[in-house]
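Please read the following briefing alongside the sequence and the structure, which are shown just below.

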Amino acid sequence: MSDRRTIEVTVNGVRHTREVETRLTLGDFLRHELGLTGTHIGCEHGVCGACTIHLDGAAARSCILFAVQAHGCEITTVEGLAKSDGTLHAVQQAFRDHHGLQCGFCTPGMQMTITAFLAENSSPSEKEVREAISGNLCRCTGYQGIVAAALDAAQKLRGA
Amino acid sequence: MGARNVGAVVKRVEDPRFVTGHGRYTDDIVLPGMLEMAFVRSSEAHAVVKSLDTSAARAVPGVVAVWTIADLGAIAQKPMVQSYPSPAIKQNFTQHPLAKDEVCYVGEAIAVVIAQNRYIAEDAAHLVTVDYESLPHAIDVREAARADAIPAHRGAQSNIAATVAWKFGDAAGAIARAPHVIRETYRQHRGAPHSIEGRGVIAQHEPAADQLTLWSSTQSPFLVRRYLAQYLEREEAGIRVIAPDVGGGFGPKAGHYPEELVAALVAMKLGRPVKWIEDRREHFLTTTQQRDQWWDVEVACEPNGKVLALRAKCIHDNGAYLPYGLLLCMTSIVPFPGPYAIPAVEVTLDCVFTNAVPTSPIRGAGRPCAAFIMERTMDSVARTLGLDRADVRRANFVRRDQFPYETGGRLPTGVTIQYDSGDYAACLDMVMKSSAYTAFEAKRAQAAKSGRWIGMGIASYNEDTGLPPYEGATVKVLPSGRISVELGSCSQGQGLETIVAQIAADQFDVDPEKVIVKTGDTAISAIALSTVGSRVAATAGPSVHLAATQVRDKALRLAALQLEAAEQDLEITRGAVHIKGVAERKVTLGELAKRLVSNVNVPLPNGFTPGLEATAYHTPERPVYANGSNVAQAEVDIETGAVTLLDYRVAHDCGTLINPMLVEGQIVGGVVHGIGNALYEHMKYDPDSGQPVTTNFGDYLLPIATEIPPIRLEHMESPSPLNPLGVKGAGEGGTIPGIACIVSAVEDALKPLGVKLNEYPLSPERLLELIDEKRSAK
């Protein structure tokens, strides 16, 4: 049961070399091996999106990826969104400005999905934003504040 | 004094940690030497556990122990504590921390594996073999309610846990005499909670002090401590329960659960901390849900739509155990007659055991069920008498001049039900205006020309919020000058830290962001109950206000001494007390606080108690009643049964708004919970096997962003006279009318076909059945 491999990953700009069990999920690797607990595990079957991270720039679900699949990859987690001086990313700031979060549990995954989406579509319509986050579940907000946050962040990022 | 914070849009003080991934939820906490648990759970709906073989599991490297109930010690051989005892409970089945010999629902915990990590614990749990002797099961609640039903518990005389009634006036007489009596049958289903963070617990025992500490993803740290203490026969003082950041609650996290007890017992027995984190499958199988209710309703009314009486009988599917007493049942019947002045009500409810997951309140508890009955009733009166739905509601509303209004109902404690304030008709007018209600028929006719079936729904509600007895609060001025607020109450995302910071900040003219707020820990001395029932803003909120006011008064009194001025000549600006109009003759709050800390051989000023702090309790005798009206527009594709929501409008009144942005978030989130209940969420069981068949997010649908229409809100503020802030709760006011409003809209869209909707959820399959029935009849 303990088939192990050594992997090298770059997470939020920091290079890590670790020996891991082949069955360790990427989400658990980030949380338990690297202590990056901002990535949340909500359903463990790839539906709720709380565990979304960026894998080589693309949004991906870390609960249904194995850590070994990320070997050689660049990963960004929610902890890597803000600048090193603490300045929030436009998406993070917009979440706060538009009450795009309540309990905060889906928030990191939502933000990672939206930042990846806005990198591809800098001027989305409301409908496109709703489609973009339709793979992320939020039980608190009813999504309205999240959609408003994404649209506002898009505008700020275009202006920046 | 600067601008007031109460009433303003203040950005949340919680958010910086949450948006950066620095929240601290239960699973984020790691203790030295901590082990993890996984449970072996029943695969049978109803069975006797004849034997277990744990040998293979115990042999897995990394496994520390595999235990059944027998291993948990003499203290754990009894069933769990009944959270809400009541003389009305006839059969009080609560479950054991681990099953003794009988299992009564799929998912009931039978054994626990403790291992170095969860992966190993789950490997081992799969290797435990359980030898079951299957028993017949009860899964259909109407069958289970019959006198000759298969018992959900071996040897039980019946499946009736309790029969409860709610009555005032002479309903039978009114129904016998009325010109119109309408009879309808309704079916309701409320599904599962699905906070995105499941439950979770860490237990740690320090033998030297015999101190047990639990971190639990709970809404009720004080109640978890109380029930743990009762069960474990320990003093509450020896137990500390902490609710760290909690990723949503919605009701089911308000109870106490077997896993919390098992974690405590394991930590004490092994002398090592243990963690259990619920996975989504376990959430489907074991976290309490709200299930089916069948209602038979008779309504007596006059030709003008004025309702004279309502008589109803409800069969309530309670699931396998009664962890939460009759709270859910009572909240299904006590809300009658909602916002209406109806002179006679008689509702009885049978609480019925089945072999399904146990139940507890979920957002709104039984209130959305009662509102569904009341609102469908208003629509049925309109339909039967050919009246407008809004007119029928108007004809029945409690009028503005009737407040405080006594419904005629009385709680078991003897307290009369009394609505404190509001203007229900004006709230309805607001939403009718914003939704262009009167212009809808023209819009419908236009849509019909292009083959579209659109409808408008309406629902009104009121809600008992801010339930007694209290949530305490301590406000302190720290020697640094910072203000601190400590509450035992906790938040699951509502923004409690922000609103209490706003309330406290107003007394000292400081920035709410600078207020230090601690919540959710039984080590905090101010006593709390639970964050449930839209009650904390209206209980803890006024307590914070009272405590902060006392601290402010004390600060002014002490400053008067130090500045040699009269108290009435002083004011507080930006955290300093100064003589009005003379900003430089001042003393800072920090300096005042330092004067009241313990300084060697410095006596306190004459007449002063230690510390610039106060603890206060707002102790209401009654709830305060929020209200509102909603209007939804929906379109039905009559070929596929698919429903599209086009628009949703809310006018609501939760008294004084502490933070309009947060209230809006609560209402919109609540509406969407109602959308899920009305259209998507369905916890299904296979009648033959008693197996749950919707145990993942592919089979059980939560509302997603693309399905949600624009939701627009208007606030009305009728301050409550019953607390010093005038506030009422808002956490459930979206969900309570939401289901009824959407069903009303869908029914209205199908009005040309004459489809009557007395049920939810409205799946496309079910709608097509109902549409086809009507089409084939034509």
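In chain B, the C-alpha centres of domain 2 and domain 3 lie 40 Å apart, the domain bounds being those of an automatic or database domain assignment. This is a predicted model, in which local features need pLDDT of at least 70 and side-chain atom pairs count only at pLDDT 80 or more, while totals for chains, interfaces and linings use all residues. Residues are numbered from 1 along each chain as its sequence is written, and chains are lettered from A and ligands numbered from 1 in the order in which they are written.

**Domains of chain B**

- Chain B is divided into domain 1 (33-135 + 194-286), domain 2 (293-467 + 621-777) and domain 3 (469-616).

**Chain B as a whole**

- The secondary structure of chain B comes to 19 helices and 28 strands, which are DSSP runs numbered from the N terminus (helices H or I, at least four residues; strands E, at least two).
- Of the 778 residues of chain B, 58% count as buried, a class that asks for 20 or more other C-beta atoms within 10 Å of the residue's own, whereas exposed means 12 or fewer and partly exposed lies in between, with C-beta atoms placed from the backbone.

**Where chain B meets chain A**

- In chain B, 43 residues are in contact with 45 residues of chain A.
- The largest share of the side of chain B that touches chain A, seven residues, comes from α17(B).
- That side of chain B has 18 nonpolar, 16 polar and nine charged residues.

**Glu717(B)**

- Glu717(B) lies in the loop between β28 (711-716) and α18 (735-749) of chain B, and it counts as partly exposed because it has 15 C-beta neighbours inside 10 Å.
- Leaving aside its neighbours within four places in sequence, Glu717(B) is in contact with Asp653(B), Gly655(B), Thr656(B) and Leu657(B).

Note on methods: Two residues are in contact if their C-beta atoms, placed from the backbone, lie within 7 Å. Ala, Val, Leu, Ile, Met, Phe, Trp, Tyr, Cys and Pro count as nonpolar, Asp, Glu, Lys and Arg as charged, and the others, Gly among them, as polar.
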